[in-house]
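Good morning. I have one chain to go through today, so please look at the sequence and the model first.

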Amino acid sequence: MKNNEIKDIIIDYLKNDKSNQAILIDGEWGSGKTFFIKEKIIPEIKEKHTDVPVYYVSLYGISSSNEIHNLVSSQITEKYIEKHLGKKVTGSLKKIERAIKKIAPVINVLKEASGVGIDFVHFNELKNNLDIPTKSIMIFDDLERCNMDVITVLGYINSISEHSDTKVIIVANESELGMQNTNEDLSQKYNFILNINKFNKDSNVSKSKKANNSDKDSNKSLINKGLLDEQIEEYFPVNSVYEKVKEKLIGITIKYEADFDEIFESLVDKYVKSSQDFIKSKKDVILKIFTENNHSNIRTLIFSLTSIDKIYGVLNKIDFDKEYLETEIGKIIKYIVMQSIYIKTGKHKYVWSEDSKYGEVYWEDNYYKIFGKHDFGYKFVDDFLLYYFYDEKDITNTVIERLEAIKSQKELLTEQKQLSYNIISSWWECEDNEIEQALNKLPSEILEEKYDIRNYRNIIMSLLQIKNNDFGLPLNYIEDIVNNMAYNVKKIDEFSGIHKQWFVAILNEDVEYKNLISPILKELDSRDNKWIKEFQDYLSSDSEFDMKFEELCEANKNSFLEKRKFMSILDVEQFINKINYSNTKGIYNVITGIRDVYDFSNLYDYYLDDINTIKNILSRLNENSLSKSKTKSIAIEQLKQMLEEKLAILNREN
C-alpha cells in the first residue's frame, strides 16, 4: 500500500465520528514507521484538523502506566504553554517533558527555566485539563519496545480511546508484541506445569504399569523444555488474550512497508548535511541496489545516505580529470550502499589484507569468482562504515592512486589500438597505404617489445597472408621480424602459458610457416629443456619430496604435454630412493604433482611412452614394505592406487 493511500485511510478514520476504535500501523523493525508518522501523518493531520490537538507518545522503555500518564500530561502541558505563551517560549522549555512529575512544581519549573510567570487562572485551567482533552488525537509509538505487559498497555490505551471524541493511532511491530515479557515469571510457570504433570503422573501410575511403561509413556515422564514451553502456551495463552483485546480496541490494521521512492528525498533533506543535490541525482542508482538485494530497512537507507554524504565531501574536493573521477565516485557510491546492506544484515565478512587499499570485493562465496556478484571496493569505506574511522588525506591519496592507475591503463590501451597489428590483423579491410604504413612501423614495435608474446603467432600468420596476396612483401622482412621475436622470448626469465605446442597447433602442414617459426621454437625448446633439467636435478638431489615437486609439475606440464612424456623422463631408481627417505607429507606432494600433470581423460593420446615407467615404479613399490610408519604406508597405498588408475587409462587403447 502506498503512503498516500495509508494517509487517506487515516484521515477518513479521523473524520468518522461514529468510530472510537484505534488504528494499528504494523511494520517491521527499521521499516520507517516512526519517520512516516512524524514526517507525513502528523503534518497531514495538523493541516486537515487545525482545531484538534495531536499528542505523540513513544512507549520505548516505559515500565508503568504512571509513566505513560506523565508523558501524556507533559505533552498536554506543553501545548497549553504554547497556546498561552507562544511557540518561542515553548521551545526554551523543552525540559518540562522530563521535569514535570506533578502539577504543583509546574510554576517553579517555568520560573527556573526562563523566568516567565503564569497566573493562577491559567494554572487552574492547566490543572483541570491534565486529563486527556476531548476531540484529541493520541499517537502511541514503539508499543513492542515497552517494558510493560502488552495487555496492560493496551488496557490503558483502550481507556483513552473510549474517552469522548478521542482518536488513537498505535504504531508497532506486531510480530514482536508480547516478546519482551515472555520470560517474566517463567520459573513460576514452569513450577506450575511440573506440579500439574506430577499430579497427572501420580493419578495414572497404575495405568502406566498396566501399559508396561511403554516408550511413549516413558518419554512423556521426562522433563523436556520443548514440551514444557508448549504446555505454558496452552495454560497461559498470551496470544489469545492479545487477540481479544485487539479485537475490542483496534478497528483497522494497516501493514506498513517503506516506500523508498516516495520518502527518498525527504530522508535526504532530513539527514544529509552537505551533499543533498548530488545524492538526489543518484536516487535511481541507490534504490536499485536496495531493490536488487530485497532490502527495505529505512535505517539502512539512512545509514548509507549519511555515509555517502560524509565520504563524498572528500571525493568532491579531489583535483583529477573529471572523466575518471566521476566514474570512480559512481563505483564508490555503489560500494557504500552494498556494504551498508551487508553490514546491517550481519553478512559483512570481507577482510582486507594489511597492505590492501582497494580491489574487487565478492559478495557471495563462489569458487568460480568471476561468476559471483562483486563490486570494486575501497578499504577506507569499510573503515568508515564499521568503525567511523575517517582520514581525509588517506582517502584522497588512495583515490588519486587508483585514478592514476586507471588513466595509465587506458592510455596503454589507446596506444595498443594504434599499433600496427590492428591494421595487419584485418588487412583486407584496410587501404593499401594503411597497410604499407603499418608494415613500416612493425619492426620497431617488435624490437621495443610493445606486443605480448601471445600475439606473435597471429602477427606471423597475418604477414604471410599479406605476402602471399601480392603485396610485394619480401620473405626476409618476415624472417627479421621472427628473429627479433625469438630474441624477445629468450630475454624473458619467467614465463608460463607459452609453449611450443601453442605455436605449432595451427597450420601444421604449412611448410613455409613451420620454417619461419623455427628460431622461436628453438628458444622454446631451450627453455623447456632448462625446465626439465631442473626437474631431473630435483629428483637426483638428496632432499625429500616436498612442495617443490608440485611446483615443478605445475610449471612443466605444458612442456611434458608437448614432448608427450612425463614419468618416462624420471630415473626410476632415483624416484624410489626419494620415496624411501621422504616423510608422509612428501608422498602426498608426489600424488598431487602427478595428478596435476595427468589430470585429463585421454592420456593415451599423449603419454603412451610413460606406460613402462609407471609399471616399473608400481612393481618396485610392491616389492616390499617401504615404511614401518602407518601413515606413510597409507600414503604409499594411495600413490599406488592413483598410478594404477592412470595406467588403466593409458592402456585403454592398447
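A word on where the values come from. This is a predicted model, so local features need pLDDT of at least 70 and side-chain atom pairs count only at pLDDT 80 or more, while totals for chains, interfaces and linings use all residues. Residues are numbered from 1 along each chain as its sequence is written, and side-chain values use heavy atoms, with hydrogens and water left out.

The chain has 32 helices and 7 strands. Helices (H or I, at least four residues) and strands (E, at least two) are DSSP runs, numbered from the N terminus. Of the 654 residues, 42% are buried. Buried means under 20% relative accessible area, exposed means over 50%, and partly exposed is in between, with a 1.4 Å probe and protein chains only. Among contacts with a separation of 6 or more, 74% are between residues 24 or more positions apart; contact means heavy atoms within 4.5 Å.

Now the sheet. In what order do the strands of the open sheet come? The order is E2-E3-E4-E1-E5, 5 strands with parallel pairing. Two strands pair if DSSP finds at least two bridges between them. Strand E2 (54-58) and strand E5 (250-255) are at the edges with a single partner each, so one side of each has no neighbour in the sheet. On average, neighbouring strands are turned by 15° against each other, direction ignored. For angles, axes are lines fitted to C-alpha atoms, for helices over the stretch in contact, and the angles run from 0 to 180 degrees between N-to-C directions.

Let us go through the pairs. E2 and E3 run parallel and are joined by 5 bridges, with Tyr55 opposite Met138 in E3. E3 and E4 are also parallel, over 4 bridges, and Ile137 stands opposite Lys167 in E4. Strand E1 (residues 22-26) is joined to E5 by 5 bridges, and Ile23 has Ile252 as its bridge partner there.

Helix H8 (residues 150-161) lies across E3 and E4, at about 155° to E4.

Next, helix H19 (residues 379-387), which includes Leu386. In H19, Phe380, Val381, Asp382, Asp383, Phe384 and Leu385 are buried. Leu386 is partly exposed, with a relative accessible area of 33%. Just after H19, Tyr388 has a positive phi of about 55°.

Last, Ile423, in helix H21 (residues 421-424). Is Ile423 buried or partly exposed? Its relative accessibility is 22%, so Ile423 counts as partly exposed. Leaving out residues up to four places away in sequence, Ile423 touches Cys430, Glu434, Ile435 and Ala438. Ile423 and Leu439 are 16 residues apart in sequence, and their C-alpha atoms are 9.1 Å apart.

That is the end of the tour.
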